[in-house]
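Thanks for making time this morning.

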Amino acid sequence: MFVLRQCLTLGTKSSVRNFAAATNLVNVKINEDTGVVIMELNKPPVNSLNYELLEAMHRTLVKLENERCSGMILTSSSPNTFSAGLDLLEMYKPTVDKARKFWGMLQNTWIKLYSAPYPTVAAINGHSPAGGCLLAMSCEYRIMVPKKKIGLNETQLGIVAPQWFQDCMKNIIGSRQAEKALIAGTLFSSEEAAKIGLIDELATDKEDLMKKAHDFMDEQLGLPPLARSTVKIGFRKDTLNRLINSREVDTKYFIDFIFQPKVQESLEMYLQALKKK
Ligand SMILES: CCCCC/C=C\CCC/C=C/CC(=O)SCCNC(=O)CCNC(=O)[C@H](O)C(C)(C)COP(=O)(O)OP(=O)(O)OC[C@H]1O[C@@H](n2cnc3c(N)ncnc32)[C@H](O)[C@@H]1OP(=O)(O)O
């Protein structure tokens, strides 16, 4: 039986209440029979990743790992968008302290998600540009509804996908395809993404998406968990360590980059264009 609880919920009833009072940016549903969790991003309208949403995700991921959840399906409550990527307002005219805190939380969240020992599936129920694509790529398996867009489109916005975003893409679609996609800032349709292996499966609609996500999870739950997670971490450790060993440098790149007047100009124009749509 599924029980809907808000961020976070593997504890007692009273701890559920405490967490629910803290935030509703992430909904967490647990199948109490299997221990499989559905984490649903819930920041309307487009799940842009601001500090608060990332912090809620990070807190959830820490809890899931501590409580030994058996698997996690990542999806969103938005009808049209999985995640619009990083919240552009976090990068537009922030203070240095705010930008540093934001970037640190993004790094924390990615490290936890990418290294999660339990199986992870992205049930991509809508558009998934840039940081949204990063979240999807950090899961082990990706299933997507038709006729939406996914990719690392940063170049198109006059910004640059950080090295670890690029590494994730390279690990999935290979160096040549990733180089082309990153230079052009390509947003692939769901169908194109399936062709190049950026996503693993297409679903017909949200219901089919969740069914396929559960099917994948059932397969994974049939495998010995320690062997499974050891192989997973073996594949991911170089990519993880590359960021873990250079977090400060990565943060400095981010800060130096976004504070350039040209980058601020690009962000301003892009934000205006989004508002005018
Ligand atoms: C040398 C080394 C250099 C290292 C450099 C280091 C770092 C720099 C790079 C950092 C990396 C950044 C990665 C990112 O994730 S950047 C974000 C990129 N995101 C996007 O391009 C997506 C933008 N959004 C869209 O395309 C669409 O919104 C959509 C997701 C397709 C959904 O479309 P739709 O349903 O039609 O919704 P609207 O467009 O009308 O949007 C509704 C509402 O939401 C606002 N909004 C949308 N996206 C964002 C966002 N990412 N951040 C903040 N706000 C967003 C939009 O403005 C609307 O607002 P209003 O309702 O107020 O009009």
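Predicted model: local features only at pLDDT ≥ 70, side-chain atom pairs only at ≥ 80, totals over all residues.

Let me start with valine 121, which touches Ile73, Cys139, Glu140, Tyr141, Ile143, Ala213, Phe216 and Met217, leaving aside residues up to four places away in sequence; contact here means that the C-beta atoms, placed from the backbone, lie within 7 Å. Residues are numbered from 1 along each chain as its sequence is written.

Val121 is also, with Ile124, Ile143 and Ile150, among the residues with the most contacts inside the largest nonpolar core, which has 68 residues. Such a core is a set of buried Ala, Val, Leu, Ile, Met, Phe, Trp, Tyr and Cys residues joined through C-beta atoms within 7 Å, and a residue is buried if 20 or more other C-beta atoms lie within 10 Å of its own. Across the protein, 43% of the 277 residues count as buried.

Turning to the overall fold, the protein has 11 helices and 10 strands, these being DSSP runs, H or I of at least four residues for helices and E of at least two for strands, numbered from the N terminus. Along its principal axes the C-alpha trace spans about 55 × 40 × 40 Å. Finally, among contacts between residues at least 6 apart in sequence, 72% join residues at least 24 apart.

Key. Buried ≥ 20, exposed ≤ 12 C-beta atoms within 10 Å, placed from the backbone. Contact = placed C-beta atoms within 7 Å.
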